[in-house]
Amino acid sequence: MEDDEILALYLARSEDAIRETECKYGKLCQKISIGILNDRRDSEECLNDTWMALWNTIPPKQPNPLRAYICRVVKNLSMKKYEYNHAKKRRGEYEASLDELADCISSSKDVEKTVEKKELEEAVNRFLGELPKERRILFLRRYWFMHSLKDLAKDYHISEKAVSMRLSRTRENLKDFLIREGLQ
Amino acid sequence: MTKKDLSDAIHECDDKWIEEAAEQAGKKHLRSGMRLGIRTAAAAAGCVIVLGLGVTVAASEPFRNWVMKTFAGHEVTKVEMEDILEEADIKADGGRHLSLSEDMEIRGEKESFVCKYHIDGDEEVVDKVYSVREDGLKEQKFSEFKGDYDGVPFSFEYVIINREVLGFNYKGAVSGVYHYTDGESVYADLWEVEGDTIKKGCIAKLGLKTGLVEKRTDDDTICNSVMSPNGKMILLNYRAEGYWTVFDIAAGTEKKVEGINGYARTSEISFVDDYRILAFGDSIIKKHKEILVTNLIDLRTQKTVESYNEYGDIQMRWTYRSGKNGLELRDITSGEAFTAGQAQEDVHPLAVRGSYVLFGSMEEKTPFYLCNLTLKKYMKIDVPEGLGENVQIYLVDTQGKFPGENVSPGNSPRSEIFLTDGKDCYLVDVNVKCWQ
C-alpha cells in the first residue's frame, strides 16, 4: 500500500492504518529499535508504543514523508527507553555508534567549545548534502538507523572491515568539515 | 561539543536524507543497484559461493574476449564442468556457483564453514554446518561439549575443519569459543549471567576428548577479546577500565599492553603474526590537532617496538589516497609507496585478501584496480559497458588450480581472481607477470 493510502486510513480513523503500517514498516522499525536497545522484548514494547503514537498524532499531523516520520517516532521512543534502562543493558549499536562519532570530536580541552545546537544541526545537514549519495546513505544507516556493521556488510556484500573503513573516512571528512566551519 | 551532541544533530537531519536511507535499508538486496558484484568469497578449495544470487545467463563470447584481452600474459583457466566431483551434499552448478538461501551464512575466521540456521524465539539454532569443497558443500557431523563453570552447566556444539573450530548452539554459561584448535582442546569464554548482567567470566581450556574444563584466568575476565591467527595469544580489552592485556596461552600469563589504546576496537588491531600487532595507540595533540598513532607491538615483551604518527586503512599498515594524481598506497611502517597512476578516480578498497586489494567505487562507474601490496604493483580492470551488469569479480584463496588439482600439505593458499558473467567462469592467476 502506498504511503498516502496509509495516511488516508489514519485520517479516516480506520484501525487498518496500524495494521498496514506494521505490515509495511514493521521490520524497518524493529531494526531501528533493536539497534538502539539490543533487546527484543523492549523493542517490541517500543513498536507497540510507536503504533499508538502514530494513531494519537495523525491527525492532526499529516506527515509527509510518512516513512521518515515513523522512523523518527520509533527512534525517539527507543532512545527514551534506552536512557531509562541503559545502565543495566548490554552494549547496543547506539552506544557503539556514539563511540565511533567520538572520532569526529577533538579530544583536546583547549579547543573544546560550546556549540549552539541549531548551528551544529545545520552544519551536519550541509555536510550530508555534500556527501555522495551512497556515502550519505551508509553514514545515516550507521549513525541514524544504528544498523550494525555486520548488517551493513551483508547488505553491501563487503566485509565488516571495509564498511568500518568507509565510515571512518566519512567521519574524518565530518571532523574536517566541523573544523572548517569553526565548530571544533 | 560531545559525541552525544553530534549524534543528536545527526538525528535532526533533513527528512529527505532519512527517507533516502530508509528506502535503501528496506530493500532486500543492494546488488541490483550495484554495477558489479564484488566481495571476497569463500573458496577454500575452489568452489565459489555466491550469496543469495541467481545466475544470470549472458552472452559469453564478449566476456571471454574481454577476459583474454584484459588478462593477456596471465594464466587464465576456464573452469570446466566435467571434473566436478559428485559427492557433495549441496552441489555447485556448472559455473561452480552455489546460491545460498536466506537462512545460510558463511562463517568462521577463514570463511571455512557454511551454516544453515533458523530462529527460535530470540535464539538462533544452527541446523546444519557444511564445509566448502570443490564440488559444493559437504555436511559436517556435529560434536557436542558439555561442562560446567563453577557448578553452572553449559554446552555447545562444534565442527572442526583443519585447525579452525566453529562453535554454535551455545547454552548456559558459555559465550563463545575461540577459532583455533590443536585438535585436543579449544579455548572458550565462560560467563555467569544474571538477567542482562554478567556477574563473572573467565577464559577456560576445554578438553575435547577428556571433557575437562580448566579455568585459565580469574573470574574477572569480562571483556572483549581476539585470538592471534594460530592461537598463541589472546588480546583482552577491559573497555570499562580502558586498557588491553595479552594472555599468553602457553605460559598462562596475562600482562597489560600499554601500547594499545584502551578503547581501540578489534578491527583497529591487525596481527602481523602471532606475536606482533599493529594497533591504535593513544593519540597525541599537536597544535590543537589530534594525531592518531599506530604502534607496532611485540606481544611477548608487551613493548611498543615502533610508533607511527598515522594509521593505515588496510591491515592497519597501508594508507591510500586517491584522486587526480592517481591512487597512492603507502606502507606506514617503511614509508615505501607506489602509485597506480591510471587510477585517477575516487576509489576505495572493496576487498582485501592476503597481499591483494581490489579498489573501485560502488558509487561511480570507475574501473577497478587490483593492487599487489608485496610487489607494489597494480593492474587495471576496466569492465566495458554491456558486460558490467553481469560480470562479478571475486578475490579468492585457492589451494591448487581449478579443476581439482591435489594440494600437498603445507601448501599455502594463493590469491587469484575469479571472474564470471553468470555463465562462464575464469580463474586468473594474478601472482605473476603483467603488473604495472
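**Notebook: chains A and B of a predicted model**

I began with chain A, which has nine helices and zero strands; helices (H or I, at least four residues) and strands (E, at least two) are DSSP runs, numbered from the N terminus. I noted that this is a predicted model in which local features need pLDDT of at least 70 and side-chain atom pairs pLDDT 80 or more, while totals for chains, interfaces and linings use all residues. Residues are numbered from 1 along each chain as its sequence is written, chains are lettered from A and ligands numbered from 1 in the order in which they are written, and side-chain values use heavy atoms, with hydrogens and water left out.

**Entry 1: the two chains**

Along the sequence I read the pattern of chain A as α-α-α-α-α-α-α-α-α. For chain B I recorded three helices and 36 strands.

I then looked up burial, where buried means under 20% relative accessible area, exposed over 50% and partly exposed in between (1.4 Å probe, protein chains only). Chain A has 184 residues, of which 55% count as buried; in chain B, buried residues make up 51% of 436.

For accessible areas, the method is Shrake-Rupley with a 1.4 Å probe, and for residues only the protein chains shown count as cover. Chain A exposes about 8,900 Å², with 47% supplied by carbon and sulfur atoms. Chain B exposes about 19,700 Å², and carbon and sulfur atoms supply 46% of that area.

Contact means heavy atoms within 4.5 Å. Among contacts in chain A with a separation of 6 or more, 66% are between residues 24 or more positions apart. In chain B, 44% of the contacts between residues at least 6 apart in sequence join residues at least 24 apart.

**Entry 2: nonpolar cores**

I searched for nonpolar cores, each a set of buried Ala, Val, Leu, Ile, Met, Phe, Trp, Tyr and Cys residues joined through side-chain atoms within 4.5 Å. The largest has 65 residues, and those with the most contacts inside it are A:Leu140, A:Trp144, A:Phe145, A:Leu178, B:Leu6 and B:Ile10. Helix α4 (residues 66-85) of chain A gives the largest share of this core, nine residues.

I followed B:Leu6 further. Leaving aside neighbours within four places in sequence, B:Leu6 is in contact with A:Leu101, A:Cys104, A:Ile105, A:Leu120, A:Val124, A:Leu174 and A:Leu178. Another core lies apart from the largest one and has 20 residues, among them B:Leu278, B:Leu296, B:Leu299 and B:Tyr311. As background, nonpolar side chains in soluble globular proteins tend to be buried together.

**Entry 3: rings and charges**

I counted 15 aromatic pairs over all chains. Rings of Phe, Tyr and Trp (its six-membered ring) pair if their centres lie within 6.5 Å; planes under 30 degrees apart count as stacked, over 60 as edge-to-face and the rest as tilted. The pair of B:Phe156 and B:Tyr170 is tilted, because the planes stand at 40 degrees, with ring centres 5.7 Å apart. B:Phe156 lies in strand β11 (residues 152-161) of chain B and B:Tyr170 in strand β12 (residues 164-172) of chain B, so the pair ties together parts 14 residues apart in sequence. B:Phe156 counts as buried at 1% relative accessibility, whereas B:Tyr170 is partly exposed at 27%. Ring pairs link B:Phe145, B:Phe154, B:Phe156, B:Tyr158 and B:Tyr170 into a cluster.

I also looked for charges over rings (NZ of Lys or CZ of Arg within 6 Å of the ring centre and within 35 degrees of the ring normal). A:Lys75 lies over the face of A:Trp144, 4.4 Å from the ring centre. The charged end of B:Lys16 sits over the ring of B:Trp17, at 4.8 Å from its centre.

**Entry 4: strands of chain B**

Two strands pair if DSSP finds at least two bridges between them. Strand β31 (residues 356-360) of chain B has five of its five residues buried. On one side are B:Tyr356, B:Leu358 and B:Gly360, and on the other B:Val357 and B:Phe359.

Strand β30 (residues 348-353) of chain B runs antiparallel to β31(B), joined by five bridges, and B:Arg353 stands opposite B:Tyr356. These two strands form a hairpin with two residues between them, and B:Gly354 in the turn has a positive phi of about 55 degrees. Four bridges join β31(B) to the antiparallel strand β32 (residues 368-372) of chain B, where B:Cys371 is the bridge partner of B:Val357.
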